[in-house]
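Thanks for making time this morning.

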Amino acid sequence: MAGTDETHLDDLRDEYRDARQPAAPAPRVRRGRAPAPQAAPLAPREFARYCWRQLTSMRTALFLLMLLAVAAVPGSTFPQQNSDPAGVAQWMAEHPTAGPWVERLQGFHVYSSVWFSAIYLLLFISLIGCVVPRVGVHARALRSKPPRTPARLDRLPEHRAAALDAPPAEVLAAARSVLRGRVEVRPDGGGGSVAAERGHHRETGNLLFHLSLLGLLFAVASSSLFSYSGQRLVVEGGTMVGTTFDSFTSGVGADVGDVPPFTLELDSMDVAFEAQQTSQIGEPRRFAANVTITDAPGEQPREETIRVNHPAKVGGTQISLSGNGYAPVIVVRDGQGDVVQDGATPFLPQTGNYDSTGVVKVPDAVDAAGDPVQIGLSGVFLPSATVDAAGSPVSGFPDLANPVLVMQAFTGDLGLDDGAAQNVYELADEGLTQVLDEDGRPFAIQLRPGETVELPDGLGTVSFEGVQRYASFDVRSTPGQSAALVFSLLGTTGLVLSLFLPRRRLWVRVRPAPGGAGSAVEVAGLARGNDAGLAFEVDGALQRLRAALGGPGASPPPGRVGDDGHEHQRDDDRDEREARAGSRAEEGR
């Protein structure tokens, strides 16, 4: 009981102490300033509208355009898989640590990467949100009437006054005929006014430029998605079809199945080099490929001549001549005398005089003892063989003047049975043994057309039968190319209109002359921005008005003095700002 009473007394004591403590002071409010209200959270619809307005603002569009330019930099820094797969493999081998990270970040696929596509798509949406609403506003502005006539025309930047002998009604009719642009006559008692506005197509040019930019982005995107390019080398007399290529690249929306099923046969090559002018000796003068093209199986073949910058076309696909060279006809017989290689072998030009390199791979030969052997031949072809200052064989002219084939022979595993892709124009050194002569030196093969050499160790013979030409063709389709050109021209036209077409408003007010005979006329003009030609526009309107009424055609010099000799006073900058503000308010209405 005692313990319970003490506890009760402690509670009463605590309540008394709390009651005696002063209350916490109220927050101080500065006199004359109400506390800032707390912003209510945005509803989902309001938040979405806020995000849309931010995305479609011109500031965001400019930022995304700059960001797109920055995002394209890695595309020129790192080799791209779709255009240079060999360069990507070499870069990965040279940078074993950074290579996997660049691959994860899609640095070798920049223009088809997720982040580049996201920037591109956001820019596209932003431009649509910026431009499309402006089209409707501009369409309504084109149908609207000219702004009302200001009460004080003498406050406008350019003002002229004149006294004419014609009555007000006749002056109004003449003003209606001489003013340019959208014109409206507004009678007022015994006089009236005429309002004219021109230069609306300045905004039309601005919109045309931005709409063309949208179209250009769309054309570039479609070209990147649906374009393809394939390369094929064809020897004279050979044929290519539209489904087989030496190399092929395409966008994500295209593949080799989109290439038309055409066939092309290279009938002959027409090539000429400069041989007269000493300063330009060896310069190319003519490259042309005479071909026979069949657009599709079962159709009638047609003959074409493909020249540089003059491609043949199959539907929307272009077939261009991208290169040419020589293909020596090499015949290899093994140790048993059997032909194991017979045909034209393309050699790739390395210099302007067509010093060309190439290889011949013979995987199924046997030696004189009947043992299987693989033979590789590697060397150069010189169309006009000569000797340089160091004594090395070189070509002195790109045409066939003294063709010579210089090669070396190798034996061993050519690697053709490994299943791995190989470059047909290179001979791998690993696993190969060079063929030596009787003195232990590398066996050299030097042949002219019609000559044959016997290989050591009973490996067989190599014959140089002749030379044929070949052509490299580029089969390409870029569906957005023509559209990109059209939109570029339209964008340039719109930019010229928006920069050089002036936006002007002119008013002519006509009142009866104070004496009762004739009319008192005021002509004033207002331009958007600085316009050096506004004064001449006002003077020209007054001159044309006089000429329409049969009066003298001379006009007073630009200035602030009217025909009556009195200076028209105005409140300089303040009155001009008020006039411009009133005009803008009228335009907004």
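A cavity, on a 1 Å grid over the protein atoms alone, is a set of points where a 1.4 Å probe fits but cannot get out, and its lining residues have an atom within 4 Å of a point. This is a predicted model, in which local features need pLDDT of at least 70 and side-chain atom pairs count only at pLDDT 80 or more, while totals for chains, interfaces and linings use all residues. Residues are numbered from 1 along each chain as its sequence is written, and side-chain values use heavy atoms, with hydrogens and water left out.

Which residues line the largest cavity? They are Leu179, Arg180, Ala196, Arg198, Leu506, Glu537 and Arg544, and the elements giving two or more residues to this lining are β3 (191–198) and α11 (534–548), where helices (H or I, at least four residues) and strands (E, at least two) are DSSP runs numbered from the N terminus.

Turning to confidence, pLDDT, the predictor's confidence in each residue from 0 to 100, has a mean of 83 over the protein, with 86% of residues reaching 70 or more. Confidence is lowest in helix α12 (residues 572–588), at a mean of 46, and highest in strand β22 (residues 460–477), at 94. Where pLDDT is low, the predicted coordinates should not be read in detail.

Finally, the strands, which pair if DSSP finds at least two bridges between them: β7 (residues 263–273) and β8 (residues 284–294) are antiparallel over ten bridges, with Met269 partnered by Ala289 in β8. Six bridges join β8 to β9 (residues 302–307), again antiparallel, and there Ala289 stands opposite Ile306.

Terms used. On a 1 Å grid over the protein atoms alone, a cavity is a set of points where a 1.4 Å probe fits but cannot get out, and a pocket is an open set with protein on both sides within 12 Å along at least five of seven lines; lining residues have an atom within 4 Å of a point.
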